Amino acid sequence: MKKYNNCQEEECIYNEKDVEKCKQLLINYLNELSVMENPIDKEIKIKVKKLVISLNKLNEKLDYTLIETEQRESICEFINETAIDRGFQDRSEDSTEECREL
């Protein structure tokens, strides 16, 4: 996430703390998935939804400047790949799609 932190102007809305909060949300998601034993798709989708909603709230608080299109696509790819690694069965489905705009 730090490579996207190219906002150097005084008017920048987010700071290093906000980048770290985003990073921590992703780490927490990864940790939550890693402790699940034989999760089913529904359980994984609950974790995905929780993460996406948290990321949306953080980004909204920062006037949608922290997570822009390129970052969003990278984060969604990470979320989907991690879900598949943990056993998400529908590999053709974007597990983030239904909750991105919530």
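The questions below concern a predicted model.

Q: How many helices and strands are there in the protein, and which pattern does the protein follow along the sequence?
A: The protein has three helices and zero strands. Read along the sequence, the pattern is α-α-α. Of its 102 residues, 33% count as buried.

Q: Why are α1 and α2 called roughly antiparallel to each other?
A: The two helices pack at an angle of about 175°, with their axes 10 Å apart. Angles over 145 degrees count as roughly antiparallel, and α1 and α2 are therefore roughly antiparallel to each other. On the α1 side the contact includes Asp18, Lys21, Cys22 and Leu25, and on the α2 side it includes Ile44, Lys47, Val48 and Lys50. By class, this contact has ten nonpolar, one polar and six charged residues.

Q: What makes α1 roughly parallel to α3?
A: The angle between α1 and α3 is about 10°, and their axes are 11 Å apart. The cut-off for roughly parallel is an angle under 35 degrees, so α1 is roughly parallel to α3. Cys22, Leu26, Tyr29, Leu30 and Leu33 of α1 make this contact with Ile75, Phe78, Ile79, Thr82 and Ala83 of α3. By class, the contact of α1 with α3 has nine nonpolar, one polar and no charged residues.

Q: Why are α2 and α3 described as roughly antiparallel to each other?
A: The axes of α2 (residues 41–61) and α3 (residues 69–85) come within 11 Å and cross at roughly 160°. Roughly antiparallel applies to angles over 145 degrees, and α2 and α3 are therefore roughly antiparallel to each other. Their crossing is right-handed. In this contact, Ile44, Val48, Leu51, Val52, Leu55 and Asn59 of α2 meet Arg72, Ile75, Ile79 and Ala83 of α3. By class, the contact has eight nonpolar, one polar and one charged residues.

Q: Which residues have the most contacts inside the largest nonpolar core?
A: They are Cys22, Tyr29, Leu51, Leu55, Leu66, Ile75 and Ile79, in a core of 22 residues. The elements that give two or more residues to this core are α1 (16–34), α2 and α3. In soluble globular proteins, nonpolar side chains tend to be buried together.

Q: Why is Asn59 called buried?
A: Asn59 has a relative accessible area of 4%. Buried means under 20%, so Asn59 is buried. Asn59 is placed in helix α2. Not counting residues up to four places away in sequence, Asn59 touches Tyr64, Thr65, Leu66, Ile67 and Arg72.

Q: Why does Thr65 count as partly exposed?
A: The relative accessibility of Thr65 is 22%. Buried means under 20% and exposed means over 50%, with partly exposed in between, so Thr65 counts as partly exposed. Thr65 is found in the loop between α2 and α3. Leaving aside neighbours within four places in sequence, Thr65 is in contact with Ile13, Tyr14 and Asn59.

Q: What makes Tyr14 buried, and where does Tyr14 lie?
A: Tyr14 has 8% relative accessibility. The cut-off for buried is under 20%, so Tyr14 counts as buried. Tyr14 lies in the segment before α1. The C-alpha atoms of Tyr14 and Leu62 are separated by 6.2 Å, although these residues are 48 residues apart along the chain. Thr65 and Tyr14 are 51 residues apart in sequence and 7.3 Å apart in space, C-alpha to C-alpha.

Q: How do you know that Asn38 is exposed?
A: The relative accessible area of Asn38 is 72%. Exposed means over 50%, so Asn38 is exposed. Asn38 is placed in the loop between α1 and α2. Its phi is near 50°, a positive value in a residue other than glycine.

Q: Why does Asp63 count as exposed?
A: Asp63 has 51% relative accessibility. The cut-off for exposed is over 50%, so Asp63 counts as exposed. Asp63 is placed in the loop between α2 and α3. Asp63 has a positive phi of about 55° although it is not a glycine.

Note on methods
Residues numbered from 1 in each chain as written. Predicted model: local features only at pLDDT ≥ 70, side-chain atom pairs only at ≥ 80, totals over all residues. Heavy atoms only, no water. Helix = DSSP H or I, 4+ residues; strand = E, 2+ residues; numbered from the N terminus. Buried < 20%, exposed > 50% of the residue type's maximum accessible area, 1.4 Å probe, protein only. Contact = heavy atoms within 4.5 Å. Axes fitted to C-alpha atoms, helices over the stretch in contact; angles between N-to-C directions. Parallel < 35°, antiparallel > 145°, perpendicular 65-115°, else oblique. Left-handed = near helix turned anticlockwise from the far one by under 90°. Nonpolar A, V, L, I, M, F, W, Y, C, P; charged D, E, K, R; others polar. Core = buried A, V, L, I, M, F, W, Y, C linked by side-chain atoms within 4.5 Å.
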